[in-house]
Amino acid sequence: MTAAQRLAALDDLPARDLIAFTEGTLRALVDIMNQETTLLRSGRHREAGALSADKTRLAQDYVSYSRAVQRQLERLKQEAPDDIGMLRLGHDRLATQMAENLKVVATARAVTEDILTDVATQVARAAKPKTYGAAGQLTQPQVATGGIAVNRAL
């Protein structure tokens, strides 16, 4: 199925079905983000990382559904006005959860960077020579420490 066919299929859904699919995906996305936030707060980063694939899939699905809702908004307002209101409330919950999640992720990242900086500083400090040479000067190390590389894509 091509992208155009998928879009057409979404646009052809009955109003209540489109809204139900969108709201179900929205609820699942809010739930998984809440789980991730809770795990990150408790320091369980590996478990939180395991949720990434599902969170990404749900976010992509939600974007597809919400764009379909935007394209069909006038029809949906006529056919299911109450459901549109519920969807807006769900979107507000998502915005609140995303803000909280981003705060926790930023805090976890800052803590991780602080730890890595402290480790790099200690490694560099340990690599400095601690003996004097014949001329009364600190000897230079034979191999300089290159520091620690960090993959920021993670």
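Student: Which residues in α2 meet α4?
Tutor: From α2 they're L18, F21, T22, T25, L26, A28, L29, I32, M33 and E36, and on the α4 side D54, K55, L58, A59, D61, Y62, Y65, S66, A68 and V69. Contact means heavy atoms within 4.5 Å, and helices are DSSP runs (H or I, at least four residues) numbered from the N terminus. This is a predicted model, where local features need pLDDT of at least 70, side-chain atom pairs need 80 or more, and totals use all residues. Residues count from 1 along each chain, and side-chain values use heavy atoms, without hydrogens or water.

Student: OK, what angle do α2 and α4 pack at?
Tutor: About 150° for α2 (15–41) against α4 (52–71), with axes 9 Å apart. Axes are fitted to C-alpha atoms over the stretch in contact, and angles run from 0 to 180 degrees between N-to-C directions. So α2 is roughly antiparallel to α4 (over 145 degrees).

Student: And what about α1 and α4?
Tutor: α1 (3–11) packs on α4 at about 60°, again with axes 9 Å apart. L7, L10 and D11 of α1 touch S64, Y65, A68 and R71 of α4.

Student: New topic: how many residues are in the largest nonpolar core?
Tutor: 25, and L18, L29, L76 and L94 have the most contacts inside it. Core members are buried Ala, Val, Leu, Ile, Met, Phe, Trp, Tyr and Cys joined through side-chain atoms within 4.5 Å; buried is under 20% relative accessible area (1.4 Å probe, protein chains only).

Student: Which element gives the largest share?
Tutor: α2, with ten residues.

Student: Back to L18, what does L18 touch?
Tutor: L10, L13, Y65, A68, V69, Q72 and L76, leaving out residues up to four places away in sequence.

Definitions and conventions
Helix = DSSP H or I, 4+ residues; strand = E, 2+ residues; numbered from the N terminus. Parallel < 35°, antiparallel > 145°, perpendicular 65-115°, else oblique. Buried < 20%, exposed > 50% of the residue type's maximum accessible area, 1.4 Å probe, protein only.
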